[in-house]
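Q: I have a new model open in my viewer. Could you walk me through reading it?

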Amino acid sequence: MLSKFLLLAGIVHSQKNKIMSFLSVRGNKYLPIKVLEGTLLPGTIFVIWLICSRLNILSKDFFPSPGDVVNGFHEVLNDGSFLDNLGMSVIRVLKGFLLGSTVGFVIGITLGMSRFLEKLITPIFNAIRQVPLPAWAPLLVLVSLGEMSRVLFIAIGACYPVVLNTFEGVKNVRNDYVEVGKVFKFNRVQRFFKIILPSSFPSTLTGLRLSLSISWMLVVAAEIFMTSGGGIGEMMWACREYSRMDLVVVCIIAIALVGFTMNFFMQKMEMFFSFWRLTLKQSR
Amino acid sequence: MKSTGTLSVTNVSKKFRVNNNEIHVLDNINLSVKAGEFISIIGLSGCGKTTLLRLIVGLESDYEGDILLDGRKLNGPSLDRGIVFQDHRLFPWLTVEKNIGLGIVGKSDTEKKEIVNNHIELVGLKGFEKSYPYQLSGGMSQRAAIARSLVNQPEILLLDEPLGALDALTRMYMHKELERIWKKENITMIMVTHDVEEALYLSDKIVVMSARPGKLQKIIPVPLARPRDRASVEFAEMKEKVLEEFMLHTEPHFTYTI
Amino acid sequence: MNTKGETQVKTILIGFIVPVLLVIGLEIICKLEIFPSQIVVAPHKVLITFFDLISTGELLEHLRISMYRVLTGFVLGATLGFIFGTVMALSPRSERIIAPLLSALSQVPLFGWIPLLMLWFGIGETFKVVFIAFGAFFPMLINTFEGIHGVPRSYLEVARAFEFSSAKLLHKVLLPAALPSLFTGIKLALGMSWMLVVGAELVAAGEGVGYLIVWGRQLFQMDIVFVGIAVVGSIGYLMFLTLNALEVSLISWHRPLSKK
């Protein structure tokens with residue numbers, strides 16, 4: 001046993017340079033150390049957590065051990081309803097997001113293009129926007145549209161960032177570019193499709209990314225405030241009622257992972273579509 | 001000889017209103033440009049030279065007097081006048097070839113492609129068709145902008161300090177290029193600049209403007225043979241002559257007033 | 001001068017067109033009894049309910065309680081966010097140690113914490129304050145960090161050239177340069193707190209404006225629900241306006257991008 005370990009250590013040592021260069025990203029030779037530093041705090045917490053739960057210092061009802069959480073994952077994955085609920089939430093989010101962002105995009109473009117409509121709509125839009133999002137839930141419950149209530153609830157939150165960012169994007173189209181259009185005698189349609197839309201698109205994408213992450217936050221709220229439609233939020237709520245702390249933690253981790261994945265893809269998409277903005281950042 | 005591309009500016013004045021104050025930007029400008037001529041407008045900043053250019057392009061309106069192109073009065077921007085801005089103003093979301101093809105109208109796709117290719121060749125950007133503006137150097141961007149402004153075969157090309165943002169060496173190189181393009185396309189060019197050497201190297205006539213209000217101070221013909229030699233005595237003498245207009249020439253003075 | 005004032009008045013008046021039409025439309029719809037009164041309620045009834053709730057003192061009591069929760073949670077969360085943000089911005093090592101954990105935690109949608117926090121802290125005041133503090137923490141952290149981290153190098157070089165002490169550096173260079181960003185953080189954190197107090201009161205409370213809305217729903221009284229929504233909206237807006245005014249008066253040298 002010991003000899004095997006020593007052998008392994010020897011191999012590792014002889015390959016040290018290779019391993020180091022594998023770990024370090026191009027030229028950054030301190031990266032492994034930096035990564036280690038990042039795991040220090042979570043690692044410490046994890047170890048304390050492990051020790052405390054082994055020694056039964058913390059009550060299991062409040063602080064499930066890492067093992068409990070792993071078991072919880074096994075339990076819910078075998079059950080099947082967990083993935084169903086997660087899927088329901090994802091679909092619900094996509095519905096609300098699509099509805100809200102489409103409406104938001106149209107409003108944002110309209111307000112950005114027309115001075116009069118901007119003056120007409122902006123005040124009431126801003127007034128409505130001041131209402132904290134959860135406050136809409138009881139109203140939507142009273143209107144009792146079932147699943148539509150939850151989708152609408154998400155759509156309201158999803159709409160705002162898209163409106164604001166699209167509007168901002170359209171308003172900030174550089175007059176220089178508009179003048180180029182004038183020199184080439186562009187008509188309104190050409191001006192919109194050749195200048196305003198592409199130029200404001202990155203800003204719209206930022207809005208869409210924010211919108212999706214708000215939607216994901218709100219789906220959990222929607223499922224807690226407006227129960228009996230299924231979904232990961234409702235499952236979590238039920239686990240709380242049964243004091244299944246381990247399953248609550250499982251749900252939290254799952255929600256975070258899905259949210260992270262969504263955000264990651266949106267970010268990649270944003271970068272992909274706004275690569276031409278590079279100059280601005282590079283020249284700074 | 002080309003019959004189109006003559007420009008006449010008669011008694012043109014332009015005022016801006018800022019906070020209920022009238023500011024005279026241009027005062028009684030008279031200028032006539034023959035077809036195929038290269039004219040430089042030179043002056044200190046704030047003398048209204050860019051405004052004059054924008055009036056000719058049609059991006060500014062509400063002026064007094066007449067601006068006639070081939071005898072017709074101008075009415076807003078039109079495809080018979082091209083412009084190159086100081087900041088190239090290429091659309092950053094389009095490739096070089098898409099940018100150059102931006103203004104082409106009423107042509108089939110194959111014709112369009114041919115026109116774009118010809119102009120890419122004209123300005124020497126072969127191999128960069130698919131590049132985006134952020135991948136180009138300042139000089140290359142300005143070449144693309146020149147190509148974009150020429151695709152509709154305008155009768156007159158206006159250049160608003162087109163090389164102002166470039167470094168000195170690139171600028172000298174671009175002077176040659178600009179002269180080549182001007183000769184090849186055989187069109188009228190009017191360039192705004194504040195670089196005396198640049199104006200001397202390129203122009204048939206130099207228009208000197210004074211500031212506040214913008215007035216035409218003097219029109220100096222440049223009778224030097226092309227291609228011009230910056231190091232020649234004649235060139236230096238012409239330079240002195242232009243600089244005299246700005247009281248910047250090298251003769252000794254007891255007092256300097258600028 | 002006169003024309004400028006006139007156009008401003010005109011702009012404001014145009015903004016009132018839609019709300020006025022909305023009110024008139026709703027009144028007509030209610031008169032014609034197209035929808036049941038539990039779904040659409042006449043604006044004048046909402047107004048009457050509003051004054052009723054004020055005269056009985058109920059509304060103000062609910063508001064006082066919610067305000068107290070928001071302020072405690074906000075102060076707690078924002079202070080912690082500010083401290084962590086400053087430390088992380090000043091020391092790259094501490095950033096490398098703390099940032100991964102915090103960014104992992106911030107991946108959890110805020111409402112996802114509700115069940116966990118309720119199990120840990122019960123349904124009392126602690127739960128609400130912690131929940132609100134959670135929400136206020138992250139925007140404050142990010143904006144403090146970016147504000148201080150984003151101070152232009154050239155300013156730091158000036159400070160080094162004049163041999164500023166670290167205290168002077170923080171006080172004279174870093175904080176003033178980061179102030180606009182700090183204000184953004186405060187605004188976002190307060191807005192978030194206000195949203196979360198309503199959220200927390202919807203699920204677990206016996207008083208507070210969020211509870212008022214739930215209570216209206218349980219009684220099937222749309223007018224109370226609307227009064228609640230309008231009140232939380234207005235208070236949120238007032239807080240935002242106050243902070244904006246404060247920002248303008250404190251950071252006169254900085255021209256916000258949003259206003260041209």
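A: Gladly! Let us begin with contacts: two residues are in contact if their C-beta atoms, placed from the backbone, lie within 7 Å. By that rule, two pairs of chains touch here, and chains A and C have the most contacts. This is a predicted model, in which local features need pLDDT of at least 70, side-chain atom pairs count only at pLDDT 80 or more, and totals for chains, interfaces and linings use all residues. Residues are numbered from 1 along each chain as its sequence is written, while chains are lettered from A and ligands numbered from 1 in the order in which they are written.

Q: How far apart are the nearest C-alpha atoms of chain B and chain C?
A: They are 8 Å apart, and these two chains do not touch.

Q: How many residues of chain A and chain C are in contact?
A: The contact involves 43 residues of chain A and 45 residues of chain C. For the elements, helices (H or I, at least four residues) and strands (E, at least two) are DSSP runs, numbered from the N terminus. On the side of chain A that touches chain C, the largest share is seven residues, from H12(A).

Q: What is the make-up of that side of chain A by class?
A: Ala, Val, Leu, Ile, Met, Phe, Trp, Tyr, Cys and Pro count as nonpolar, Asp, Glu, Lys and Arg as charged, and the others, Gly among them, as polar. The side of chain A that touches chain C has 35 nonpolar, four polar and four charged residues.

Q: In what order do the six strands of the open sheet in chain B run?
A: Two strands pair if DSSP finds at least two bridges between them. In chain B the order is S6-S7-S8-S3-S9-S10, with mixed pairing. Strands S6 (81-84) and S10 (215-221) of chain B are at the edges with a single partner strand each, so one side of each has no neighbour in the sheet. Within the sheet, S7 (156-160) and S8 (188-193) of chain B pair in the parallel sense over five bridges, and B:Leu159 stands opposite B:Met191 in S8(B).
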